[in-house]
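Here is a friendly walk through one protein model, written to be read with the structure open beside you. Take the sections in any order you like.

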Amino acid sequence: MSSTKKIKTALVSVYHKDGLDEILKKLNSLGVSFISTGGTREFIESLGFPCQAVENITGYPSILGGRVKTLHPKIFGGILSRRELPEDAKQTKAYDITEIDLVIVDLYPFQETVNSGAEEKDIIEKIDIGGISLIRAAAKNFKDVVIVPSKGQYSALSALLDNKQGSSEIDDRKWFAKEAFGVSSEYDAAIFNYMDKDECTAFRKAENKVKHLRYGENPHQKGSFYGDFESLFEQLHGREISYNNLLDIDASVSLISEFSETTVAILKHNNACGIASKATVLEAWNTALAADPVSAFGGIIVSNTKIDKEAAEAINTIFFEIIIAPAYDAEALEILTQKKNRIILVQKGEITETSQFRSLLNGVLVQDRDLSIQNKEDLTLVTRRQLEGTELDDLLFANKLVKHTKSNAIILVKDKQLLASGTGQTSRVDALKQAIEKSHTFGFSLQGAVMASDAFFPFPDCVEIAGNAGITAVIQPGGSVKDDLSVEYCNENNISMVMTGVRHFKH
């Protein structure tokens, strides 16, 4: 049997009428007959096209306040009948069922009603029954039926009608079926999230907004973003934001949110390769860049203070992908927009979502975001040596940074400047050695520097290595059965150690 199917009869039942008139005109010109309900039937007839009422086919009027209109074997039989099966053809003839080749339908505005703040009784009435059933039935029988599940597919249907003069191929119908199940799954997810209103708030806030990305982490992977990016950012310049860009943007704004002083951070692959808090944006930029000017190439720059002309001129000397700030001077924008692909973002608001989600093992992990912040009052000095000079401020600075660095993580800081980090290592000793070697590569002395660890030291080896490198103060969560060994080493070698009681693993 040929995969080409001629559209002869269309069932049309929609809530939103915008854009429908052009589709109806094309269908009418191709000799397609219409079946419809209530307001949609009146709309079709107002265009001068004949339309058969559903109730005349079923023998039943719309009942229960409009809750039941199309739910009838004469409608669903016409959609679900398998044209190639003699048994189905025999039954449709016996029960006088008209085959329906095209279904154009949409769904009650459930999410919009929720967002309007309506009462629950009004929200529940916007849970579509007939429409969702028509979509599923027509999509299931895509071998014979074209399903158009929302006005979002009108342009595709219009192109099909123009190119194939009222016919469709199996690939066309399967594509529309795929789109239909996408519409129905998002709709059901919105209902689930409303019913489950105390959980999964991130998905509810996304309001079913989906952005299809160029690709995922790599070109051979598909990628999409579900959420409301525009509520947090305004893009002033640059190319389309990618999957990896979004990961870096999230890491950048999460990190910078920890700092109230003028701070600039440079990130690469979700980790900071440079960060500093200074009196001006320019000074913070220059100091952050000094930590690792090699890794900064192609990185992400984030500031918690307006970017001025002087800072923009300095930043513009290197290649970078994205810059994020709360505002920009006009002269700064003129400089930064010289590269056409450079993404320039204004951060309009903070991330308020308190949950994080990760898919794995055919399921989803959900956890609270790590919003814990340790202040001076949260630190417990466990050594005889007291903190001196800027060590307290540097320890708090380093502890904020280690929280946003991939485990195992070690951070070395002096004068509110990242000197180096050891990140993503399978051994805490390796992380420390990586950080020390990196600091020396870029000419830093670790004399008087501080060290932060995202988890406890199971042995005193790390504090010994750090002390030999010149580090004079350490911050760590504590909790090892051998904490006393690390504390003892610090006491014997004039090193200060504070414990926070809070681990900051980041996998």
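Which residues of the largest nonpolar core touch the most other members? Before the answer, a word on the model.

## About the model

This is a predicted model, in which local features need pLDDT of at least 70, side-chain atom pairs count only at pLDDT 80 or more, and totals for chains, interfaces and linings use all residues. Residues are numbered from 1 along each chain as its sequence is written, and side-chain values use heavy atoms, leaving out hydrogens and water.

## The nonpolar cores

Now for the answer: Phe-34, Ile-79, Leu-102, Val-103, Ile-104, Ile-147 and Leu-157 touch the most other members of this 49-residue core. A nonpolar core here is a set of buried Ala, Val, Leu, Ile, Met, Phe, Trp, Tyr and Cys residues joined through side-chain atoms within 4.5 Å. Buried means under 20% relative accessible area, exposed means over 50%, and partly exposed is in between (1.4 Å probe, protein chains only). Helix 10 (residues 170-195) gives the most to the core, with 7 residues; helices (H or I, at least four residues) and strands (E, at least two) are DSSP runs, numbered from the N terminus.

Take Phe-34 as an example. Leaving aside neighbours within four places in sequence, its contacts (heavy atoms within 4.5 Å) include Ala-10, Val-12, Leu-24, Leu-27, Ile-44 and Phe-49. A second, separate core has 38 residues, among them Phe-229, Phe-233, Leu-379 and Ala-452.

## Helix 8, a mostly covered helix

Helix 8 (residues 130-140) has 8 of its 11 residues buried. These are Gly-130, Gly-131, Ile-132, Leu-134, Ile-135, Ala-137, Ala-138 and Ala-139. The partners that the buried residues pack against are strand 2 (9-13), helix 4 (73-80), strand 5 (102-105), strand 6 (146-148) and helix 10.

## Helix 1 against helix 9

Helix 1 (residues 20-29) packs on helix 9 (residues 154-164) with the axes 10 Å apart and at an angle of about 20 degrees. The two helices are therefore roughly parallel. Axes are lines fitted to C-alpha atoms, for helices over the stretch in contact, and angles run from 0 to 180 degrees between N-to-C directions. Angles under 35 degrees count as roughly parallel, over 145 as roughly antiparallel, 65 to 115 as roughly perpendicular, and the rest as oblique.

From helix 1, Leu-20, Ile-23, Lys-26 and Leu-27 meet Tyr-154, Leu-157, Ser-158, Leu-161 and Asp-162 of helix 9. By class, this contact has 6 nonpolar, 1 polar and 2 charged residues. Ala, Val, Leu, Ile, Met, Phe, Trp, Tyr, Cys and Pro count as nonpolar, Asp, Glu, Lys and Arg as charged, and the others, Gly among them, as polar.

## Backbone details to look for

Most residues other than glycine have a negative phi, and most peptide bonds are trans. Where is there a cis peptide bond? One joins Ser-407 and Asn-408, with omega about -15 degrees. Ser-407 sits in the loop between helix 16 (391-402) and strand 19 (410-414) and is buried, at 13% relative accessibility. The contacts of Ser-407 beyond four places in sequence include Gly-424, Asp-454 and His-504. His-504 is 97 residues away along the chain, with 8.4 Å between the two C-alpha atoms.

Leu-361, not a glycine, has a positive phi of about 50 degrees. Leu-361 is in the loop between strand 16 (355-360) and strand 17 (363-368) and is exposed, with a relative accessible area of 80%. Asp-415 has a positive phi of about 55 degrees, lies in the loop between strand 19 and strand 20 (417-422), and is partly exposed at 39%.
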